[in-house]
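Here is a short walk through one structure. Keep the sequence and the model in view as you read.

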Amino acid sequence: MPVADMTNPDPRAEKKQHKLKNLVPTPRSYFMDVRCPGCINITTIFSCAQSSVCCSGCGTVLCTPTGGKCKLTEGCDFRKK
């Protein structure tokens with residue numbers, strides 16, 4: 001049985017582990033820019049938002065909370081910051 005190399009862990013194995021069991025802990029949440037499908041307005045949202053976020057231009061709901069990561073509505077584009 002091969003011995004695990006603690007100095008150079010396998011990135012795929014690190015990603016599968018629980019966030020507290022990683023060798024170097026990093027957060028799995030992030031901020032993202034979300035583009036409204038109606039007015040093309042860009043809003044910055046946290047990936048684990050705990051309340052629904054509405055567009056400041058037209059008032060449509062951009063995301064809804066789910067208990068973990070928020071769920072984007074249909075037609076919304078996003079990118080990680």
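How many salt bridges does the structure hold? There are three. A salt bridge here is a side-chain nitrogen of Lys or Arg within 4 Å of a carboxyl oxygen of Asp or Glu.

Some ground rules come before the tour. This is a predicted model, in which local features need pLDDT of at least 70 and side-chain atom pairs count only at pLDDT 80 or more, while totals for chains, interfaces and linings use all residues. Residues are numbered from 1 along each chain as its sequence is written, and side-chain values use heavy atoms, with hydrogens and water left out.

Start with the sheet. Three strands make up an open sheet, ordered β2-β1-β6, with antiparallel pairing. Strands are DSSP runs (E, at least two residues), numbered from the N terminus. Two strands pair if DSSP finds at least two bridges between them. The edges are β2 (42–46) and β6 (77–80), and each pairs on one side only. From one strand to the next, the twist averages 30°. That angle lies between N-to-C directions of axes, which are lines fitted to C-alpha atoms, on a scale from 0 to 180 degrees.

Now look at β1 and β6. Strand β1 covers residues 31–35. Four bridges join β1 to β6, and the two run antiparallel. Across this pairing, V34 stands opposite F78 of β6.

The salt bridges come next. R79 and D33 meet through their side chains at 3.1 Å, N to O. R79 sits in strand β6 and D33 in strand β1, 46 residues apart, so the pair links distant parts of the chain. Is D33 buried or exposed? D33 counts as buried, because its relative accessibility is 10%. R79 counts as exposed at 56%. The cut-offs are these: buried is under 20% relative accessible area, exposed is over 50%, and partly exposed is in between (1.4 Å probe, protein chains only).

D33 also forms a salt bridge with K81, at 3.7 Å, N to O. K81 lies in the segment after β6 and D33 in strand β1, so this pair ties together parts that are 48 residues apart in sequence. K81 is exposed, with a relative accessible area of 63%.

The remaining pair is R35 and D77, whose closest N and O atoms are 3.8 Å apart. This pair links R35 in strand β1 to D77 in strand β6, 42 residues apart. R35 is partly exposed at 37%. D77 is partly exposed at 44%.

Finally, follow the shared partners. Salt bridges join D33, R79 and K81 into one network.
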